[in-house]
Amino acid sequence: MSSLRRQLMLMLLGGMALVIAVAAALAFHRTRNEANELFDYQLRQMALSVVNQTFIPGRSSLRSTAGFDFVIQVWDPDGVQLYYSHPHRVLPAQVQLGYATAATSEGDWRTYAVAVPGKVIQIAQPMRTRNRLALDTAWRTTVPLLLALPLLLLGAWWVIGRALRPLEALRREVAARTPDALAPLPSGLAPEEVQPLIAETNRLLLRLGDALASQRAFTANAAHELRTPLAALQLQLASLERAPDDASRAAAITELKTGLARAGHMLNQLLTLARNEAASEHSVLALAPIVTDVLAEQAPLALAAGLDLGATDIDADVQVSGNADALRSLIANLVGNAIRYTPSGGRIDVALRRIDGEDRAQLSVADSGPGIPPAEREQVFQRFYRRPGSVGSGSGLGLAIVRAVADAHRGTVSLDESPLGGLLVMVELPLAQG
């Protein structure tokens, strides 16, 4: 994973280098042009400065100075040369008034000629000298910009480091935490751009804390609930060992089998609950085949208990997005609870339909059993809760599993009075989109 600091430095350095390069190029070009304009102005001013001088053929009133880069030429109206400051220099004999650039065997010259009464004056300057001076001036203007680049780099490094300091403090805060430290991360000093990340992380920590608290409660409750059937099994085994005759021994074996079945059922429910809470793989699936499969599996148990188990309305087109195993355990627990608590001769109806006007499906299980009073309908969703005086052999986990699966599928579970006189359990699930 690339460093955020490195990315910012590369982008800022590249951007600043590009801007400085463009600025330097523009400054260089503009300064050189301005220098050339200034040199042209000097040519003109020099030509005008000698207008009032008197020039006599064969004798000069001006003296050439060593190191003087300019060449002065003066002619009379007849073309007779009155003055030539550097006779050894090669310049065109033909005069062009105004500014011009002349090519000679000694290189290019920049000239300015002006005609005044009685004479023509021309001032010339070698282009190599002009170019050298213009380049020197342009470089002196550009160099400070180039020297500013390292200073800007150091400034950017400092600014980026200061801006990332809250992230470093946040990293140290997270690194110093123990696995069970799930308090919200501080957000007061974090920059605005990081606030959404901190908020989502705090919400995740809150959900993780709730999950860990639920797991701890589940472990404690499971240990407590398993202690009772295990103690009962030990007592039943001791009774079997002390049985004085075959009849007592057979009764003890029967009780031991019942206890083993109850303990096995509780363990299966615990494993089912843990598996459903961990299930996360969802896919689009038809719910009707799962309902019919569960009814087929539970039919022998209902028949043995003397119950009429059937489906009153199954919509084969209902599709949901979910985990097939988890939804199977939800339906199996609803039907299993109805079989377990409905007296012999009773009836259980299962239905699956779309809710009119909504993108949701409703699975309902109605029985003719004793039902659940409204005051206890929320409590029965708690793990290991069993109603006082309950005659069934349940573990108190069936409806907890149902709610856990429904929550994982963004669904809801509600209890009501059944038209058959017992309990009506309704599970609503969102339909699969598309």
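The following legends describe several close-up views of a predicted model of one protein chain.

Local features are given only where pLDDT is at least 70, and side-chain atom pairs only at pLDDT 80 or more, whereas totals for chains, interfaces and linings use all residues. Residues are numbered from 1 along each chain as its sequence is written, and side-chain values use heavy atoms, with hydrogens and water left out.

**View 1. The protein chain contains eight helices and twelve strands.** Helices (H or I, at least four residues) and strands (E, at least two) are DSSP runs, numbered from the N terminus. Of the 434 residues, 38% count as buried; buried means under 20% relative accessible area, exposed over 50%, and partly exposed in between (1.4 Å probe, protein chains only). The average pLDDT, the predictor's confidence in each residue from 0 to 100, is 77 for the chain. Among the elements, α5 has the lowest mean pLDDT (66) and β9 the highest (91).

**View 2. The largest nonpolar core has 41 residues.** A nonpolar core is a set of buried Ala, Val, Leu, Ile, Met, Phe, Trp, Tyr and Cys residues joined through side-chain atoms within 4.5 Å. Leu287, Leu330, Ile331, Leu334, Leu363 and Val427 have the most contacts inside this core. At least two core residues come from each of α6 (288-304), α7 (324-341), β9 (347-354), β10 (360-367), α8 (398-408), β11 (412-417) and β12 (423-430). Helix α7 gives the most, with eight residues. Leaving aside neighbours within four places in sequence, Leu330 is in contact (heavy atoms within 4.5 Å) with Leu363, Val402, Val405, Ala406 and Val427. A second, separate core of 15 residues includes Val50, Phe70, Val74 and Leu82.

**View 3. A salt bridge joins Arg328 and Asp293 (3.7 Å, N to O).** A salt bridge is a side-chain nitrogen of Lys or Arg within 4 Å of a carboxyl oxygen of Asp or Glu. Arg328 lies in helix α7 and Asp293 in helix α6, so the pair ties together parts that are 35 residues apart in sequence. Arg328, at 28% relative accessibility, is partly exposed, as is Asp293 at 36%. Asp293, Glu297 and Arg328 are linked in a network of salt bridges.

**View 4. Arg360 and Glu428 meet through their side chains in a salt bridge (3.4 Å, N to O).** This pair links distant parts of the chain, with Arg360 in strand β10 and Glu428 in strand β12, 68 residues apart. Glu428 is partly exposed, at 22% relative accessible area.

**View 5. Within helix α4 (residues 195-242), Glu200 and Arg203 lie three residues apart, about one turn of the helix.** The two form a salt bridge in which the closest N and O atoms are 2.5 Å apart. Glu200 has a relative accessible area of 44% and is partly exposed; Arg203, at 40%, also counts as partly exposed. The structure holds seven salt bridges.

**View 6. Arg410 occupies the loop between α8 and β11.** Although Arg410 is not a glycine, this residue has a positive phi of about 60°. Arg410 counts as exposed, at 61% relative accessibility.

**View 7. Strand β1 (residues 71-75) contains Ile72.** Ile72 is buried, with a relative accessible area of 7%. Ile72 and Gln122 are 50 residues apart in sequence, yet their C-alpha atoms are 6.0 Å apart in space.
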